Amino acid sequence: MQGIPPIEPLPKLYGHCKLLAILLTISIFLAPFLISAILWYIYDFTFFIGVSVFIFFEIVFGMVTSKLRVTSITPDQGEISYSTYEVATWYISRYFCPKKEEDNLLITDFKTK
């Protein structure tokens, strides 16, 4: 067990950070439905247009979720399956709401010769 790196737990978000994660998750889920419904209505209820736009945007938002996953989850935990909300939580915690301890790691001592 010495060679196995530890698994980081899912970060806990509070307040506006949790709201951002929930809104990001909802937008990833609902955007393909809304965009395809709007275009389906604009093009006189053409079934083919609605379905093809929905499939296209499902693929696009799948790529967006994959990009969020790659940029926010550590490579050691890349094999673990995460839900969209968990990926959004990792992303928000890394880039929008960093912890106080992570900010202190950026301070370095500069020694003069």
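Which residues in α1 meet which residues in α3?

## Model

This is a predicted model, in which local features need pLDDT of at least 70 and side-chain atom pairs count only at pLDDT 80 or more, while totals for chains, interfaces and linings use all residues. Residues are numbered from 1 along each chain as its sequence is written, and side-chain values use heavy atoms, without hydrogens and water.

## Helix α1 against α3

From α1, Cys17, Lys18, Leu20, Ala21, Ile22, Leu24, Thr25, Ile28 and Phe29 meet Thr84, Tyr85, Ala88, Thr89, Tyr91 and Ile92 of α3 (contact means heavy atoms within 4.5 Å). By class, this contact of α1 with α3 has 11 nonpolar, 3 polar and 1 charged residues (Ala, Val, Leu, Ile, Met, Phe, Trp, Tyr, Cys and Pro count as nonpolar, Asp, Glu, Lys and Arg as charged, and the others, Gly among them, as polar).

Helix α1 spans residues 16–42 and helix α3 residues 84–95; their axes come within 9 Å and cross at roughly 135 degrees. Axes are lines fitted to C-alpha atoms, for helices over the stretch in contact, with angles from 0 to 180 degrees between N-to-C directions. Helices are DSSP runs (H or I, at least four residues), numbered from the N terminus. The pair α1 and α3 is therefore oblique (angles under 35 degrees are roughly parallel, over 145 roughly antiparallel, 65 to 115 roughly perpendicular, and the rest oblique).

## Helix α1 against α2

The axes of α1 and α2 lie 8 Å apart, at an angle of about 160 degrees, which makes α1 roughly antiparallel to α2. Residues of α1 in this contact include Leu24, Ile28, Ala31 and Trp40, and those of α2 include Phe47, Phe61, Thr65 and Leu68. The contact of α1 with α2 has 15 nonpolar, 3 polar and 1 charged residues.

## Thr65 and the cores

Thr65 is found in helix α2, residues 47–72, and is buried, with a relative accessible area of 17% (buried means under 20%, exposed over 50%, partly exposed in between, with a 1.4 Å probe and protein chains only). Leaving aside neighbours within four places in sequence, Thr65 is in contact with Ile28, Thr84 and Val87. Thr65 and Ile28 are 37 residues apart in sequence and 7.8 Å apart in space, C-alpha to C-alpha.

The largest nonpolar core has 6 residues: Ile28, Leu68, Ile73, Tyr82, Val87 and Trp90. Such a core is a set of buried Ala, Val, Leu, Ile, Met, Phe, Trp, Tyr and Cys residues joined through side-chain atoms within 4.5 Å. Apart from this core lies another, of 5 residues, among them Leu13, Cys17, Ala21 and Cys97.

How values were computed: Helix = DSSP H or I, 4+ residues; strand = E, 2+ residues; numbered from the N terminus.
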